[in-house]
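Subject: Structure handover

Hello,

Here is the structure I promised to pass on. Please open it first, then read my notes below.

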Amino acid sequence: MNQLTSELTFLPQDARFYLNTFDDLSLNVSGQTYDNVTVERAFPLNAPDQFIIVKDDQGNEIGIIEHLYKLPKDSVTILQEALEQTYYLPQITKIHSVETNFHIPTWKVDTDKGPREFEIPSSRRDVRVVGGGRVLLRDADGNRYEIADYRKLDLESQAIVETMI
Amino acid sequence: MSETTHTTTETIPEEIQKNIATHLQPDEHIQLSITSDIRLDGTFGESWLLATHRQIITYSLNGSNTPHIVTLPLSEITGIEAKDLMGSGHLKVRTPTQGTTLARFTKGLNAKFNDVIKSLEQLVKDARPSVEDEKLVKGKLGRTAAGKRCDSCGKVIPHWNGVCPNCLDTRKLLTRLLSYALPHWKLATFSLVLLLTATFISLMPPLLMRELLDNVLAPTAENFVVKEAAYAQLYLLVGLFFLITFSQSGLNAIRSYILSKLGQQVTYDLRNQVYRHLHRHSLSFYNERETGRIMASITQDVGRLQDFISDGLQEIIRDVLTIIIICGILFSLNAKLAALALLPTPLLVYATLNFSERFHRTYRGLWRRWAGISALLADTIPGVRVVKAFAQEDREVSKFETRSEDLRDGEIRVAGLRSVFNPVMSFITSIGTLIIWFVGGGSVIEKTLSIGEFVAFTQYMFRFYGPVQSLCNLNHRFQRASTSAERVFEVLDTQPDVTDHPKVVTLPRIAGKVEFKDVTFSYEPSKPIIKDLSFTIEPGEMIGLAGHSGAGKSTLINLICRFYDIESGQILIDGHDLQDVSLKSLRDQIGVVLQDPFLFNGPIAENIAYGKPEASLAEIVGAAKAANAHDFILRLPDGYDTPVGERGVRLSGGERQRISIARAILRDPRILILDEATSSMDTETEAQIQEALYRLIQGRTTFAIAHRLSTLKHAHRLLIIEKGELAEIGSHDELIEQDGIYARLCHMQTELSKLRAV
């Protein structure tokens, strides 16, 4: 199996991420500098902090961050910010109501980014229960929301979620 | 596989024996005597085919009274022909100078005549031993195609049923079904006791009513009591009535819960047992059955059995019990009146049976009409382009209207039936009341019957008819439950044909040497797909399998995986006979990439790790990279966590193929099988996949099937299979030099690609 993992290029732990003068995410690794790099999670749901793929401005893979927290602390902060922007995923903290008009439910919720109202085009396709009470939502415009564990919401919200999943 | 053999010596009627006696020598004995059902002139009727060790005799009446007899010496026969024609079958023999039709028969006799041909062949061979090698028999009579017949009783099996209703041993099936409830006998007994009590209690109120009327409300002279005593009795009766209703409700609640629990538990055991057993079956089990039927036996059939155990069975017990108790009470109250009041019961039974038969028939017809409309819609809506292109909208609309009309008429008929049903039933049930009023009323006037008894009678009469009617449907209920039981037990009773024998060993990690020694295999007896195949593949070699469709390439691969057991010969892997190693340890070391890869519902990561659930994230990503899948996976919204399969993101054929390659890579198999892995790809995708595959095959014994021969360019050697036999083996250059089948195929494909290029 070593043969398999040998195909992967992991970034060394001294790789340093920073924002350059254009405020672009940049990488310095083994003496080489890459400006305007992008980061992607290989497992955004099940392992968001592992296997983060770093690509240069041409989209070519530079390497893989095996574990986010093994990087220097300032790099972690900057990467977290960048990932947060890429995977903008407001956390739903309370559900006020779900009203269904013409078969389209409209959710009124509070998120950690503020209150929000959105429509879910298909409850079957756009509401995904991932397991462990975790629910992922996608609204009519493609924005995504997450309920980390609906069983931990207040009872009223829980009751609403249970009718929708 | 269990084709019944027919006797080829039927008893010959005396008249025929007399007629043919002149044709027989003293030392001749009839070896074969068989009837067919079409005469040689084409009319239906019996005709005979007889044979001794010297000659064949046909005996046919051909519509006249004098029999038509033809004899043929066996020694002259050079060929026996079976002709399976469109509407009937013929049996014909040839001599060097002429051909004679021996028998004509309907399709139902095909199987019988196949046996006849075998016997005839033997007789001819015995008569002229010199021709042993010659191929005497030409053609074979096919299996009767249209309707499936029951093996034991010969009746046609309804296609929606799958089991022969005539041969169902309802009692045996139900006993077996109940045996599943045996482990839960405590619950079962408890619920039965509750059922008895509840039924008994529920029949008490009319008796209380009698007490109330006769002793309290309208007491007869001898029962007359003072006001206070009457009140005391009233309170007592009210109290009793309350107790009865209350305990009855309570008992019913507990009983229905317990029975549902029992039903659920029994079916839980059964359902899991069926599913576990399904996975022990070999591929042939699935090939012989429709997927839908197998699924139905787990979902519908088990569900129906549960209904039967938890509802049907107890309703039957309750109904019977109710009828008995009511009869008992009525007869003890007043035997003469009871006998009269029950007079309309046979009429009720008759009417119910009659109506329910009609209802079933009309509903079935209605259902067929609905199905017809659905079929029409399913046909024309996807084909709307054609309809429009040929401007046939009006015709399609009128077709629909015709069917819609049929449906309307059917529905109206059902409505008519239903509107007659209820009034008729209530009329019949009123007859009982009418009798009670007429006869009972007279008795009340004559003071031989109390008012209380009179009222109790009427009330019991009303309660009597419900159970009677529902018992009328008993047969139907049993039939449904036992059909389901039969199907479930059929799955359970079929023994898997590929299994580990008790002394198997675990196959150690292999190098990958594969040897075939005189392997013969067939899916159906007497039609070998692989014939005496022998070859040796060295570890790490890549073998390309080529040949015409149906030559046996896929079968060969099925045999390496031991999806089927071979008939004779040996397959050795690193010197271990496949039969002697456990299936799991064998298949753990085989990786398969199919033409149309199957992805399960779930994230991509899980699909890649299907053969190795404990794989680390690094291994999963590494395998995806090796399979050239990493880049496209990252482009998906959730990366490796993106759900795929039926309910997930739709992937293209090439993408799914690469995931299945990653699956195989991760498993790190010693023997790799590529079954047309790149045949449905465009050129660019194919190049990417080829690259991934090339990486995958390094150091593994690989078998690759391909129609496009260019995809076999990495192969060390090529096996060319022709009609189940090894036609050519060697490297590309060697085979081109040989100028055989492979060279011809290669040549044709180059020509084709030239054509395409032009």
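Chain B touches chain A through 16 residues on each side: 16 residues of chain B are in contact with 16 residues of chain A. Contact here means that the C-beta atoms of two residues, placed from the backbone, lie within 7 Å. On the chain B side, helix H18 (residues 617-626) gives the most, with eight residues. That side of chain B is made up of nine nonpolar, two polar and five charged residues. Ala, Val, Leu, Ile, Met, Phe, Trp, Tyr, Cys and Pro count as nonpolar; Asp, Glu, Lys and Arg are charged; the others, Gly among them, are polar.

This is a predicted model: local features need a pLDDT of at least 70, side-chain atom pairs count only at pLDDT 80 or more, and totals for chains, interfaces and linings use all residues. Residues are numbered from 1 along each chain as its sequence is written, and chains are lettered from A and ligands numbered from 1 in the order in which they are written.

Now the confidence. pLDDT is the predictor's confidence in each residue, from 0 to 100. Chain A averages 86, and 98% of its residues score at least 70. Chain B averages 82, with 92% at 70 or above. In chain A, the lowest confidence is in helix H1 (residues 2-5), at a mean of 68, and the highest is in strand S5 (residues 50-55), at 91. For the complex, the predictor gives an ipTM of 0.83 and a pTM of 0.66.

Next, a helix in chain B. Helices (H or I, at least four residues) and strands (E, at least two) are DSSP runs, numbered from the N terminus. H8(B) covers residues 291-333, 43 residues in total. From its first C-alpha to its last, H8(B) reaches 60 Å, close to the expected 63 Å. The expected span is 1.5 Å times one less than the number of residues. H8(B) also has a kink of about 45°, centred on Ser297(B). The bend at a residue is the angle between axes fitted to the seven residues ending there and the seven starting there.

Chain A has an open antiparallel sheet of three strands, in the order S7-S8-S9. Strands pair if DSSP finds at least two bridges between them. S7(A) (92-101) and S9(A) (114-119) are the edge strands, each pairing on one side only. Neighbouring strands are turned by 15° against each other on average, direction ignored. Axes are lines fitted to C-alpha atoms, for helices over the stretch in contact, and angles run from 0 to 180 degrees between N-to-C directions. Helix H4 (residues 155-164) of chain A packs on this sheet and touches S7 and S8 of chain A. The direction of H4(A) makes about 50° with that of S7(A). Eight bridges join S7(A) to S8(A) (residues 104-111). Ile92(A) stands opposite Thr111(A).

Three strands of chain A also form an open antiparallel sheet in the order S10-S11-S12. S10(A) and S12(A) (144-147) each have a single partner strand, so one side of each is left without a neighbour in the sheet. Four bridges join S10(A) to S11(A). In their hairpin, with two residues between the strands, Gly132(A) takes a positive phi near 65°. Four bridges also join S11(A) to S12(A), where Val135(A) has Ile147(A) as its bridge partner.

Best wishes
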